[in-house]
Amino acid sequence: MTKNVNLKSVAKGGLLDRRFFLKKGFVFSVAAMASDKLLAEAKKYRQPWMEKPGDSFSNYGQPSVFEKEAIRWTMANKAAAGNGVSWTPLQNLEGTLTPNGLHFERHHNGVPQIDPKIHQLFIHGEVKKSLVFDMDSLLRYPMVSRQCFIECGGNSNAGWRDEPIQTAVGYFHGMVSCSEWTGIPLKILLNEANITPRGKWVIVEGGDASIMNVSIPLEKIMDDCFLAIYQNGERIRPENGYPLRLIAPGWEGVVNVKWLRRLHLSNRPAMSRNETSKYTELLPSGKARQFTFVMEAKSLITNPSYGHQLDKTGFYQISGLAWSGRGKIVKVEVSVDGGKNWGETELQKPVLSKSFTRFRIPWHWTGEKALLKSRAIDETGCVQPEREKLIAERGKNGYFHYNAIVSWKISNKGEISHVYA
Amino acid sequence: MSMREFIFFFCFCVSCNLLAVENQPNLGRDASKGVIKQWNLDIFSDGKGLPSGQGTAHKGKKVYERYCLSCHGVDGSGDSADELAGAMHSLTDNPPDKTIGTYWPYATTIFDFTRRSMPLDAPGILNNNQLYAVTAYLLYLNGIIKRDKVIDSSSLPKVKMPNRKGFINIYQQEKEND
């Protein structure tokens with residue numbers, strides 16, 4: 001019993017009303033085609049795994065053996081295995097939270113295995129009282145939870161290249177992940193140390209083999225930074241900073257220092273390697289942008305995307321992620337005709353500030369060529385730019401902070417490629 | 001103030017203090033100056049934090065060849081790790097040539113980063129004299145100092161880097177525009 005549905009388009013190219021499924025009584029009447037194999041299987045009353053007891057309990061659950069593709073791809077320096085990155089497979093995920101084992105990694109010299117019993121955190125410099133904390137003490141402090149994204153400043157940097165890279169969306173844009181982090185607001189500890197009026201910056205240092213450090217303005221630290229101990233409910237994984245990580249919501253990954261061991265209050269930044277030689281963006285003028293902490297509004301369609309194949313015409317759900325380091329995402333629009341017409345997508349609720357926002361919109365593909373784009377707008381009015389506009393402002397050699405609109409071209413055979421359009 | 005008022009005032013102060021204590025966990029221990037000095041590796045662009053010791057490019061060449069060359073290439077030309085010296089073109093060319101000589105704004109950063117992070121396979125292995133020497137060598141390779149110039153805590157922050165004025169503080173700029 002199916003009703004014929006009037007597929008009311010909201011934009012040309014078959015984009016449907018984002019609330020299509022919320023409207024009562026509508027049933028999507030597209031003839032479903034099933035393979036012969038599935039038809040044969042459907043006749044079986046019991047499958048083999050229903051004819052004997054299943055597996056036993058496990059101490060720590062693992063993904064299905066049929067989900068072997070949802071893994072991080074790793075890219076390391078050939079001379080130093082712990083120097084490189086691994087990517088979140090955004091094309092295999094849904095919703096807004098990244099599983100802990102799939103959170104992207106960027107290490108400067110490998111993952112330290114830190115014993116929490118001997119780990120200590122120092123606070124010193126422009127404070128009236130220098131303090132040192134052990135983990136047992138820190139675990140007694142009042143904590144807060146906050147869902148937020150972390151994005152490496154170098155994420156999506158292949159976008160600056162002259163030719164569009166042909167790879168899965170996660171291996172181009174997957175140096176971003178989103179978790180619920182739980183920990184201690186930094187202002188509590190800094191108030192105990194009693195900052196002097198000269199204190200304006202905090203030099204933050206990790207306890208890994210590279211003893212990585214970076215300087216953060218005190219205003220940000222006192223505003224919303226916290227010391228995370230838990231990630232998505234469990235203790236942070238070693239590759240994400242166990243036992244202690246600084247979370248600076250909305251700011252580039254490098255300032256979210258892992259394996260945190262020292263906070264040095266100062267009246268000025270240290271001008272360390274990671275705020276001068278790296279994580280600065282060279283402009284065509286020869287000058288470079290420095291202390292560009294905020295990750296700007298960005299979105300991308302994760303499904304369908306490169307590597308997927310549209311086998312049949314008819315209904316598809318376009319789904320993707322949007323985020324902004326300046327606050328909440330207020331709108332994400334999708335175009336299937338290369339930006340001539342745009343339809344507003346449904347945002348998954350609740351929309352959280354400085355967090356992944358999942359957007360979805362139904363689409364009826366007629367089998368013709370299409371050009372998919374998404375465009376995010378945040379609560380400060382920042383609109384995700386087209387690539388041409390970004391390059392006009394920044395040139396092509398800035399490397400960091402690429403947030404341009406991503407375009408997927410769909411051929412009349414349903415093949416998907418990455419294009420600049 | 002009568003005695004009675006004084007006692008009342010005294011009790012009031014004590015109770016406020018107790019309340020204050022209960023509101024702050026205060027579970028940190030006092031960190032001794034000695035331990036902080038040992039842990040504090042930060043070096044600022046004016047030289048604050050630089051340790052004693054010294055070196056020249058002449059001595060630094062040997063340090064470089066033993067600990068750095070396998071990744072950074074002959075004369076800092078780059079290999080599996082970044083190019084450090086020998087830029088053939090400028091920052092406004094396409095692609096730009098970013099080396100210590102063309103890009104790094106402060107000489108102190110070389111010492112700081114090498115001390116904390118390098119060499120990747122054995123960080124912490126270089127002593128202060130070796131660190132000053134290899135810093136001098138990298139400055140020499142970039143044509144910034146002479147081969148026999150002594151680099152130490154007093155001379156290093158005075159080294160004038162060609163791209164010292166090459167950066168725009170975006171954080172400051174946005175704050176001022178707010």
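**Figure 1. Val132(A) has Arg29(B) as its bridge partner in strand E1 of chain B.** The model is predicted: local features need pLDDT of at least 70, side-chain atom pairs count only at pLDDT 80 or more, and totals for chains, interfaces and linings use all residues. Residues are numbered from 1 along each chain as its sequence is written, and chains are lettered from A and ligands numbered from 1 in the order in which they are written. Strands E7(A) and E1(B) pair in the antiparallel sense over 2 bridges. Strands (E, at least two residues) and helices (H or I, at least four) are DSSP runs, numbered from the N terminus, and two strands pair if DSSP finds at least two bridges between them. The pair belongs to an open sheet of 6 strands with mixed pairing, in the order E11(A)-E10(A)-E15(A)-E6(A)-E7(A)-E1(B). E11 of chain A and E1 (29-30) of chain B each have a single partner strand and stand at the edges, so one side of each has no neighbour in the sheet.

**Figure 2. Strand E17 of chain A pairs with strand E4 (residues 167-169) of chain B.** The two strands run in the parallel sense over 3 bridges. Gln290(A) has Asn169(B) as its bridge partner in E4(B). The contact between the chains takes 45 residues from chain A and 39 residues from chain B; two residues are in contact if their C-beta atoms, placed from the backbone, lie within 7 Å. On the side of chain A that touches chain B, at least two residues each come from several strands, including E4 (80-87), E7 (131-134) and E17 (288-290) of chain A. By class, this side of chain A has 18 nonpolar, 18 polar and 9 charged residues. Ala, Val, Leu, Ile, Met, Phe, Trp, Tyr, Cys and Pro count as nonpolar, Asp, Glu, Lys and Arg as charged, and the others, Gly among them, as polar.

**Figure 3. Tyr106(B) sits in the loop between helix H4 (69-72) and helix H5 (108-117) of chain B.** Tyr106(B) counts as buried because 25 C-beta neighbours lie inside 10 Å. A residue is buried if 20 or more other C-beta atoms lie within 10 Å of its own, exposed if 12 or fewer, and partly exposed in between, with C-beta atoms placed from the backbone. Neighbours within four places in sequence aside, Tyr106(B) is in contact with Met271(A), Thr276(A), Ser45(B) and Met161(B). Lys158(B) is 52 residues from Tyr106(B) along the chain, and their C-alpha atoms are separated by 9.4 Å.

Figure 4. A nonpolar core is a set of buried Ala, Val, Leu, Ile, Met, Phe, Trp, Tyr and Cys residues joined through C-beta atoms within 7 Å. Of the 137 residues in this core, Val202(A), Val204(A), Leu227(A), Ala136(B), Tyr137(B) and Leu138(B) touch the most other members. Domain 1 (120-289) and domain 2 (298-419) of chain A both supply residues, so the core lies between them. Apart from neighbours within four places in sequence, the contacts of Ala136(B) include Gly55(B), Ala57(B), Ile145(B) and Ile151(B).

**Figure 5. Domain 1 and domain 2 of chain A have C-alpha centres that lie 28 Å apart.** The domain bounds come from an automatic or database domain assignment. In this pairing, 25 residues of domain 1 are in contact with 26 residues of domain 2. Strands E8 (144-151) and E16 (281-282) of chain A each supply at least two residues of the side of domain 1 that touches domain 2, and the largest share, 3 residues, comes from E8(A). The residues on this side of domain 1 divide into 14 nonpolar, 10 polar and 1 charged.

**Figure 6. Strand E9 (residues 176-185) of chain A is largely enclosed by the rest of the structure, because 9 of its 10 residues are buried.** E8(A) and E9(A) run antiparallel and are joined by 8 bridges. Phe149(A) stands opposite Cys178(A) in E9(A). E9(A) is also joined by 5 bridges to strand E12 (residues 226-231) of chain A, again antiparallel. Thr182(A) has Tyr230(A) as its bridge partner in E12(A).
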